[in-house]
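Hi,

Here is the structure I promised to pass on.

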Amino acid sequence: MTLLEIKGLKTHFKTEEGWLHAVDGVDLSIDAGETLCVVGESGCGKSVTAKTVMKLIDMPPGKIVAGQVLWQGRDLVPLDNAAMRQIRAKEIAMIFQEPMTSLNPVYTVGEQIAESVRLHQGLSRKDAMDRAVEMLRLVRIPTPERRVRDYPHQFSGGMRQRVMIAISLACDPKLLIADEPTTALDVTIQAQILDLMGELKDRLGMAVMLITHAMGVVAEVAQRVVVMYAGRVVEEATVEELFANPRHPYTQGLIRSIPRIDMDATHKVRLEAIAGTVPKLVAPASGGLPVGCRFAARCRHVTPACTTATPPLRETSPGHKVACILDIAAP
């Protein structure tokens with residue numbers, strides 16, 4: 001069953017130079033119980049897509065120009081804040097990159113967990129605090145009966161992220177959106193948080209939309225992968241198919257940039273970098289963005305045709321979609 005379906009989503013921001021096309025025609029879907037990874041380098045539109053789903057972008061300067069965000073068949077785009085408050089946390093929850101900026105420093109972590117439970121489930125103050133203790137125990141925070149009275153600054157970075165997970169899952173949402181939840185953590189703690197999210201996903205039966213720029217994380221946790229570049233989806237496939245047979249030159253470049261421990265053991269290999277930077281997605285008031293593939297300036301396989309037409313996202317094999325006019329096998 002499809003929980004979330006995004007169709008032709010366009011989210012733009014008004015700037016002094018013109019309209020910034022942060023998300024420019026995104027299509028993706030998430031099924032119940034599935035882990036979908038949305039991957040791409042910084043500035044490709046991953047976080048804006050997630051915040052648009054939650055209606056958390058500032059409007060203005062942001063604006064949803066076109067498209068639909070269908071949550072169990074209901075379009076979220078036209079909903080006002082009051083209607084979205086009934087969906088946030090209760091049905092769709094979100095974890096942000098930096099927990100210290102997401103937690104309120106003047107309230108205890110127990111109060112912050114209990115707030116959403118009281119709002120959405122109508123529990124008494126005592127029952128809500130009991131639920132907070134239960135959630136801290138679920139995310140493996142030691143002595144939760146005591147720590148529920150502590151403030152965010154009394155927790156380490158990894159523990160604060162566990163608190164954020166506890167807040168997000170307190171109302172038993174059907175979908176958890178995790179926006180680079182391990183970015184600010186060291187490697188050991190990253191692995192612990194990813195393992196915890198995977199365990200809770202299986203236990204609670206929820207779907208997870210994980211936003212990341214780390215292909216190693218994708219290989220470990222994803223079932224299906226959406227690769228974004230410059231505000232658009234350029235490839236979509238199951239995780240096995242994507243790593244075995246990447247078809248878009250950008251995806252191939254991301255995979256080639258993954259450190260290879262097996263190769264480093266025998267001989268030194270310099271990591272490959274994708275030359276250039278993400279194009280500027282600001283359209284002047286007099287017109288739109290240039291036509292053509294947005295990866296063309298950085299692509300080793302570019303042809304004149306790549307700059308004259310915008311490649312559509314098409315299915316090249318069952319479940320594998322690519323936005324490229326060329327059919328390029330991975331080297």
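Below is what I found, going from the whole chain to single residues.

One thing to keep in mind throughout: this is a predicted model.

**The overall picture**

Along the principal axes, the C-alpha trace spans about 65 × 55 × 40 Å. You'll find 12 helices and 13 strands in there. Buried residues account for 47% of the 331. If you take the contacts between residues at least 6 apart in sequence, 65% of them join residues at least 24 apart.

On charges, I get 38 positive and 37 negative side chains, with the centres of the two sets 3 Å apart.

**A buried lysine**

Is Lys201 buried or exposed? It counts as buried, because its relative accessibility is 11% and the cut-off is under 20%. Lys201 sits in helix α8, which runs over residues 187-204. Its side chain reaches the backbone oxygen of Gly33 at 2.9 Å. Gly33 also turns up among the residues that Lys201 touches, once you leave out those up to four places away in sequence; the others are Glu34, Thr35, Met206, Val208 and Gln223.

**Two loop residues**

Tyr107 belongs to the loop between α3 (99-102) and α4 (109-121). With a relative accessible area of 44%, Tyr107 is partly exposed. Beyond its neighbours up to four places away in sequence, Tyr107 touches Gln112, Tyr151 and Pro152. Trp71 is 36 residues from Tyr107 along the chain, and their C-alpha atoms are 32 Å apart.

Thr307 is in the loop between β11 (282-283) and β12 (314-317), and it is partly exposed too, at 47% relative accessibility. What does the side chain of Thr307 reach? That would be the backbone oxygen of Pro304, at 2.9 Å. Setting aside neighbours within four places in sequence, Thr307 is in contact with Val291, Gly292 and Ala296. Leu254, which is 53 residues from Thr307 in sequence, lies 22 Å away, C-alpha to C-alpha.

**Backbone geometry to look at**

Please check the loop between α1 (46-53) and β4 (62-71), where Pro60 lies. The peptide bond from Met59 to Pro60 is cis, with omega near -10°. The bond joining Pro60 and Pro61 is cis as well, with omega about 5°. Pro61 is likewise found in the loop between α1 and β4.

Then there are a couple of positive phi angles. Gln72 has a phi of about 50° although it is not a glycine; you'll see Gln72 in the loop between β4 and β5 (74-75). Its relative accessible area of 35% makes Gln72 partly exposed. Ala230, not a glycine either, also has a positive phi of about 50°. Ala230 is placed in the loop between β9 (224-229) and β10 (232-238), and it is buried, with a relative accessible area of 0%.

Cheers

How values were computed:
Residues are numbered from 1 along each chain as its sequence is written. This is a predicted model: local features need pLDDT of at least 70, side-chain atom pairs count only at pLDDT 80 or more; totals for chains, interfaces and linings use all residues. Side-chain values use heavy atoms; hydrogens and water are left out. Helices (H or I, at least four residues) and strands (E, at least two) are DSSP runs, numbered from the N terminus. Buried means under 20% relative accessible area, exposed over 50%, partly exposed in between (1.4 Å probe, protein chains only). A polar contact is a pair of N or O atoms within 3.5 Å; within protein, one must be able to donate a hydrogen and the other to accept it, and residues adjacent in sequence count only if both atoms are side-chain atoms. Contact means heavy atoms within 4.5 Å. Lys and Arg count as positive and Asp and Glu as negative; His and the chain ends are not counted. The place of a charge is taken as NZ of Lys, CZ of Arg, CG of Asp or CD of Glu.
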